[in-house]
Amino acid sequence: TRFEWVALEDSLQWSAFQRLVNLLRDRGNEVVVLVGPFNEHMMAEANSAAFRKLRDGVTAWLAGQRVPHVVPDALPSALYADASHPLTEDYRLLAQRLCADASLSAWVKH
């Protein structure tokens, strides 16, 4: 599948997300972000570089803002209902991966 990605600097949703993160934090909320996962297996090879650039841009901004975040590896393709939604029972595997993530566990414990 070929996806038409919007560059972060042109994305209204990304700008809104950044404002929301800052607003929540300004109001004293703790924020942690889960990035993905996305069914990268169904993506056309020509789309991969653009996807990685977006994902890396998101994670770079989160790191620069010191927003705790987790970027889990993609699940096996058969575990997705579509490009971005795991099947109901496969959220368990995602949850197990998240529970095993050291940075998320540290955030939960603080």
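**Notes on the fold and helix α1**

1. Starting with the surface: the protein exposes about 7,300 Å², and carbon and sulfur atoms supply 55% of that. Areas here are Shrake-Rupley values with a 1.4 Å probe, and for residues only the protein chains shown count as cover. Keep in mind that this is a predicted model: local features need pLDDT of at least 70, side-chain atom pairs count only at pLDDT 80 or more, and totals for chains, interfaces and linings use all residues. Residues are numbered from 1 along each chain as its sequence is written, and side-chain values use heavy atoms, with hydrogens and water left out.

2. On the overall layout, there are 4 helices and 2 strands, running α-β-α-β-α-α from the N terminus. Helices (H or I, at least four residues) and strands (E, at least two) are DSSP runs, numbered from the N terminus. The C-alpha trace spans about 40 × 35 × 20 Å along its principal axes.

3. Of the 110 residues, 30% count as buried; buried means under 20% relative accessible area, exposed over 50%, and partly exposed in between (1.4 Å probe, protein chains only). For contacts (heavy atoms within 4.5 Å), residues 24 or more positions apart account for 69% of those with a separation of 6 or more.

4. Which residues of α1 are buried? They are Trp14, Gln18 and Val21. Seen down the axis of α1, these buried residues fall within an arc of 60°, so they line one face of the helix; the arc is taken over directions from the helix axis to the C-beta atoms. The cover over them includes α2 (45-64).

5. The face of α1 turned away from the buried side carries exposed Leu12, Gln13, Arg19 and Asp26. Ala16, also in α1, counts as partly exposed because its relative accessibility is 34%.

6. One to look at on screen: Leu20, in α1 (residues 12-26), is partly exposed at 43% relative accessibility.
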